[in-house]
Each structure stands twice: as C-alpha cells, then as structure tokens.
Amino acid sequence: MTATSLPPKSPVHVRIRVNRIVLYTVLVVVTGLFLGPFGWLVLTGLKSPGELASAPVHWVPADFQWHNFADAFDLIDFLGYARNSLIIAFVYGGLVTLSSAWVGYGFARLSAPGKKVLFGILIGSMMLPQMITLLPTYLIFAKLGMVDTYWPWVLWGLSSAPYLVFLFRQFFAGLPRELEEAAIVDGCGYGQIFWRIFLPQSWPVLSASFVIAFTWTWGDYIAPQLLLSTDKSTLAVAVMSTYVSSAGTPITNLQAAASVMYVVPILLIFLIAQRGFVAGMSTSGLK
Amino acid sequence: MTVDQMSTVADRLRSTARTGPTRTAEGPRSSMTARRHRAFYMFVSPWIVGFLLLTIVPMAYALWLSFTTFDGISPNWHYVGLGNYRELMNDSVTWDSLGRAGLFAVVSVPLSIIAGLGLAVLVNRPVKARGLFRTLLYLPAVVPPVGAGIAFKNLFDQNAGATNGVLTFLGFDAVGWLADPYARYVLVMTVLWGAGNIMIISLAGLQDVPRELHEAARIDGAGSWRTFRSITVPLLSPVLLFQTVTGVIASVQTVMPMLLAPLSTTGGITTVPQSNYTYMIHVFAQYFALGRYGYASALLWVLFVLILIATGLIFRFTSGVVFYNVDPEAKK
C-alpha cells in the first residue's frame, strides 16, 4: 500500500481506517446473522417447556436445562436411529466412492467410440431433477420388495454418482501419463493399474468423496422417509417426527436438543475434512 | 469389490486380450486399442447400468403410469390416454402451485446468488482471520435440511422465536411467521441461510481472476464498483450461470423447508401453509396423501419437461452475456 509513505493523520489514511472498521463491522454482523439460527437452536434445546410456552421471549434460559440432551437421548431410541444412519451412510459412502473412482478412471484415462456422448450424458444427468426420479424409483423398489431394506442404498452406491465421477475424473486426468505406461508395457490389466497404481495415489479425493457422500446420506430425509419403516429409519426422520408428547403436541425443547446432537457430528466432520470438502465443492463450479 | 475380485477381473481382461480374436493383420497396436476400448466400457459400465436402471427405467415407468389410473391398491386400473394430462391442465391447484414454485425460484435463486457473491467478495478482502470467517459463513450450508428446518421453525416461532422477540422489543406486533402469508418469507430465508455454498464456488472463481486485470483497471481510474461490475462479474459469469441453472432445478424440487415450517406436530404434507404449497408439494400430496400414482406421474413429467424448457431458455438468453475465458495456451 502507498499509504505507508503518507503522514499518519492524512485524510487518505483516515479513510482507509474508516473503511477497515466498516468492513470488520459488516463481517462480524453478517457472520453473527449466519450463526444465529444455530445458536438459537442450542438455546431452545436448553430451555424448559414453560419458558417456550409463554409469550414474551426468554432470551436465555433461567436455568440451563442440560438434562434435555440426556432426555432427548432416552425418549426415543436415539442410538438405534443413529446406528441406522451410520450404516446407510457408510454403505452408500463407501460403495459410491469406489464405484465413482472406477468410472472416473475410465473417463479420465481411457477412450472408446462414444466416450464424448457418454460424458455429455453424465454431465447432463447431474442436472436431472432427482426428486422426479425418486418417486417412480420408490414404486419400483416397492414392487421388488426392497422397501424397508437397505438394498436401495447398495444399488445407488454401486451405480456411482455423476458429481463424484466428475470429481475423480478431474483428479485422474491431471496425473502424469508415465504412471500407467510402464504397467501397460508389462502387460498389466487396466483393473490392476487402477487398483494398484491410481487408487493409492488418490487418498485426498477418496476421503473428500466419502465425506461428501456421507454428508448427503446423513442429511437425506426424503429417501429414508419413503423407503424405511419407523424403526429401521434414520436419525433425520426420527428427529423430525418422533418428539411428540402422548397428547400429540411437539416437545420443542427435546426436539431442538436432538437436532443439535444430529447436526453437530456433521459439522465436526466438515471442520476436520474441510480442505478436501471445499476443494470438491469448488470443482463443481464447472467452469 | 475386494482386491481379489478386482484382480480376477483384470486377469480375465488380460487373458481375453491375449487369447481373444487377435487381429494379426493389423498388428499388435490395434489390439491394444481394442483392449483400451473394452476397458473403457468395463470402467464406465457401473454408471451406464445404474443410469439405465435407476433413472431411465423409473422415468419410463412414470411416463407409462401417467397414462393410467394406477393407485397401487385397486386392481382394475386402466389406460386413460391423455386423461391425466387433461385433468391437470384444468386443475387450478396445479396452476397455482406451479406459479408459487416459479415465484419461489425467481425470488430465491437470484437472492442466493447475490448473497453468495456478496459474501465471497467480502471474505476475499485481505482481512484478519479470513479463513475463520469463511468457515463460519459456510458452516450453515453443511447443516442438513432437517436441522435447518427445525432451527428456523424455532427462530420464527410466534411465542418463543427470536425474530418476534426482536420485533416486540422494537415495539412492533408479533407476527405469525409460520402461517400464511408469512411462511413464504421464512422459506426464502431458510434457503438463503445456505448461501455459503455459492460463496465457496464464487470464491474459487474470484481467485482465478488475474491480478493484472484489476491493476490495469485501477490505473485506468476505475472505482471498485466499476471494477466489480466490468471485470469480476463477466469473468465469473460462467460460474454464475451454472449456479442459476442448478439453483432453479434445486428450488423447483425443494420440499423439505415447506414440510418443516408448519407449527404442527410432525410437519407433513397436509399441514403445509397455502403460501408454501408449491408444485412439488402438490406432487407429494397426490402421490402419498392420495395415492394417485398415475395422476402424480403426469404432474412429474410435466415438471420435467418444464425444467428442460427453463434450462434451455436460461442458456439461450445468457449465451450473449456469459463470457467464457479462453486460455490461449490451451489451444494449439
């Protein structure tokens, strides 16, 4: 900045200072607004039913009802639902990561007549409205007797996800040619080249893909709601619909506490895996 | 697949490559090419098979159902030709819900993009703890829809919500945010909460804008707004276009915030406030509340075609506006 060469009290200097203050104020206020809803959720989870029922808002609970979290845990089979969510997320996340890497390798390092068209369809299918295909798929799964099983997630996992295929393709396409050339000369099959040479190189993308797929599945509400009965369903469905008193009214504070416990693991995973996650997000910008 | 299975696949491939119809006349080179071609299809086959079975077949099935009265229960359902389509054309609920979905897209997509772009510009400034601000602003985009829905339900609760708390503190009357006609604003705000997604994608684009361009503009005397409008936005336009298209498609499909907003016990289709009764909610109601699979399938196909048309129109109208930065190095 040229400002350093100016006398300290010059008008330019003051203007830069004011600009900084405005900038930081805006940043802090906006960040506060973005964190507000989650903060309020935590506060709601710490209030007593009485505080939530009466009209003037109780900003902060008089007594922090920490036991709400334990109660939310005990009122429903929280662990059981969490286990179901984990099973589905691990099955889908693991399978879809492997299958997408497999398909991505094909699009990145191999060619055949029709590749261009197929790649075009792959990219186009990212824009297909999933909700539209989900409803008839549900009817077909129902016909095949797969409702109330985890088979749909196995099938979805095996069939790869266009978005993740694209992620892997971008990564594999950037690796040097020499990587497989020696192996091809040695008569190594492509399957082996993929498994022995390319996969071990791609831990960053593999973990990013797994985290992304895991987050999708953990967060998904519609598919488990459609396909699974209550006790086989996921935490998303349980948090949404099981915190109801015998009179049929919602137990707001426990539901809020349960939502916090449902959301925090995802936030932690994101914070830990942040770099790969954000790299994956940016790639989807598709310039 | 396990390592063993994987290598047997590879072995089989290798042995067919050796013992298979070797075209000796063309030499070993073309058999290598043939091997590559086979390998390509072996690799992309999971996606092809999955796409056929889990996307094309269901869509075709829905198309077939849309010409019938199938409801999943009654055995004597029959073919009605275009009957379902005629019915939906004459149903004012369809048109009203379509209008609401369109309005929701037209309002929420540009707002999200403006918010995301604004946030990106903000955290692209050289400020202290920039990384922390980025992370915190992105965090809400990671919150699953159920968490977001419940958070906003509590935030806008008539009695216990913070929003009405602020309003009454300022001397205004409390507002029934979760009911008509205000529920639609809560809906848009829930969507805007996830603007961090667009922030991250725009940020990647912003960092690709060459420094020299900004410096050249400053030397020419362009102010920061002018630089933003004439350099940053055009260079970001492909990213923004992609966000618009995917945003419109996503917004039309949105059902979660609509289902979650109501005060009622468990949410659900029947309790969605009228102002949030969008096209997709209409489909859900026909599908699950009424079991009218045939009619709902017709609704789905109409929406699908409308999305295709909308996407085409967006590309058409932006073709002159979107600026594709062609890297001269990449061209040979």
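View 1. The structure is a predicted model, in which local features need pLDDT of at least 70, side-chain atom pairs count only at pLDDT 80 or more, and totals for chains, interfaces and linings use all residues. Residues are numbered from 1 along each chain as its sequence is written, while chains are lettered from A and ligands numbered from 1 in the order in which they are written. Residues 86-105 of chain A are 100% helix and 0% strand, with 28 Å between the end C-alpha atoms. Residues 117-141 of chain A are 88% helix and 0% strand, and their end C-alpha atoms lie 29 Å apart. Helices (H or I, at least four residues) and strands (E, at least two) are DSSP runs, numbered from the N terminus.

**View 2. Domains of chain A.** An automatic or database assignment divides chain A into domain 1 (2-68) and domain 2 (76-242). The centres of these two domains, taken over C-alpha atoms, are 39 Å apart. UniProt (unreviewed entry) also lists residues 82-273 of chain A as "domain: ABC transmembrane type-1". That stretch, residues 82-273 of chain A, is 74% helix and 0% strand, and its end C-alpha atoms are separated by 21 Å.

**View 3. Confidence along chain A.** The mean pLDDT (the predictor's confidence in each residue, from 0 to 100) of chain A is 87, and 92% of the residues score at least 70. Where pLDDT is low, predicted coordinates should not be read in detail.

**View 4. Contact between chains B and A.** In this interface, 79 residues of chain B are in contact (C-beta atoms, placed from the backbone, within 7 Å) with 85 residues of chain A. Helix 2 (residues 27-65) of chain B supplies the largest share of chain B's side, 18 residues. That side comprises 56 nonpolar, 19 polar and 4 charged residues. Ala, Val, Leu, Ile, Met, Phe, Trp, Tyr, Cys and Pro count as nonpolar, Asp, Glu, Lys and Arg as charged, and the others, Gly among them, as polar.

Methods:
UniProt positions renumbered as here; feature names shortened; annotations may be inferred. Contact = placed C-beta atoms within 7 Å.
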